[in-house]
Amino acid sequence: MLCQVTQKQASWVWTALRTARLHESKIGEESITDFLVLQLKKAAKGAYYIESFTRPKEKVTGADWELWFTGSSGKWLGLRVQAKVISIDGTRYAQLHYKRKDGTFQVDQLVSDAKKHGAVPLYCLYSYWKAPEAGKLTWPCGTFKKSSRLFGASWMSVNDVQALKPTGLDSLKLVAKSLHPFHCLFCCQGYANGDLPTRASAFLNMSGYSTEESSQLVDEPPYYVAQMLRSQAVREDLIDMPDQNLYRVTVLREADSEESNLSVDSAAAR
Ligand SMILES: [Zn+2]
């Protein structure tokens, strides 16, 4: 279920950005993420539970997105995400090496903020390109057949962003080599058996997303996630959370039955 839904959403982003490029009209990453979360909610139908919360703009300066996954194992996995959209001409990710007013790089802040909350830092890139523009790409998914549309939403590791940082380069041709389709983190076979946090954690470890600082599967989510789950009303407490950069928190709990639908054939399926 999560597999179909996440693929459909990546494909939707691809189409939306193609339309935007055709009409020379910019769509920001926040708008894309808003729709992505809405579509994930709409498609849940009992296969998973999803709750998402955005903090008032006046309380935050950054736009980080945390995703917290859990499932039948009772374990939790947190992702601390920076979303970036491809430039309107489809040539680069202009904000990839964003430098803050105080001279620090956003990527370094992302890594240290993720560490504070026990989450894994990573990038989510929203893209559309015409076939030759990304150069020759090796399809990084072994479970599903190649489709450029599935790169509409993709992950990129902070390790790969850090590696490009000294050069300041952010071209599609360079970045595209580092991308993993969105769905791979949720459902690709060959990484691990088990529930959503277990599979996602295996994907991160085996695809170069681990950082020295980041812990992965944990027994308890952060307090604000627990609060979100407890009651709608106490979500207001999130407003007082001392994290200037955290704009959105999304919790995804996979239903028990979902897991049994995913059988892992062999490591070759990777
Ligand atoms: Zn995959």
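I looked up helix H3 first. In H3, I find Gln-106, Val-107, Leu-110, Val-111, Asp-113, Ala-114 and His-117 buried (20 or more other C-beta atoms within 10 Å of a residue's own, C-beta atoms being placed from the backbone; exposed means 12 or fewer, partly exposed in between). Helices (H or I, at least four residues) and strands (E, at least two) are DSSP runs, numbered from the N terminus.

This is a predicted model: local features need pLDDT of at least 70, side-chain atom pairs count only at pLDDT 80 or more, and totals for chains, interfaces and linings use all residues. I number residues from 1 along each chain as its sequence is written.

I checked the span of H3. Its 12 residues, 106-117, reach 17 Å from first C-alpha to last, close to the expected 16 Å (1.5 Å times one less than the number of residues). The buried residues pack against strands S2 (64-70), S3 (76-85) and S4 (120-126) and helix H4 (158-164). Just after H3, Gly-118 has a positive phi of about 70 degrees.

Most residues other than glycine have a negative phi. Glu-24 has phi near 45 degrees; I place Glu-24 in the loop between H1 (2-22) and H2 (29-42). Glu-24 is exposed, with 8 other C-beta atoms within 10 Å. Lys-45 also has a positive phi, about 45 degrees, in the loop between H2 and strand S1 (48-54). Lys-45 is exposed, with 9 such atoms within 10 Å.

Last, I looked up Leu-122. Leu-122 touches residues including Leu-79, Trp-155 and Tyr-209, not counting those up to four places away in sequence (contact: C-beta atoms, placed from the backbone, within 7 Å).

Terms used: Two residues are in contact if their C-beta atoms, placed from the backbone, lie within 7 Å.
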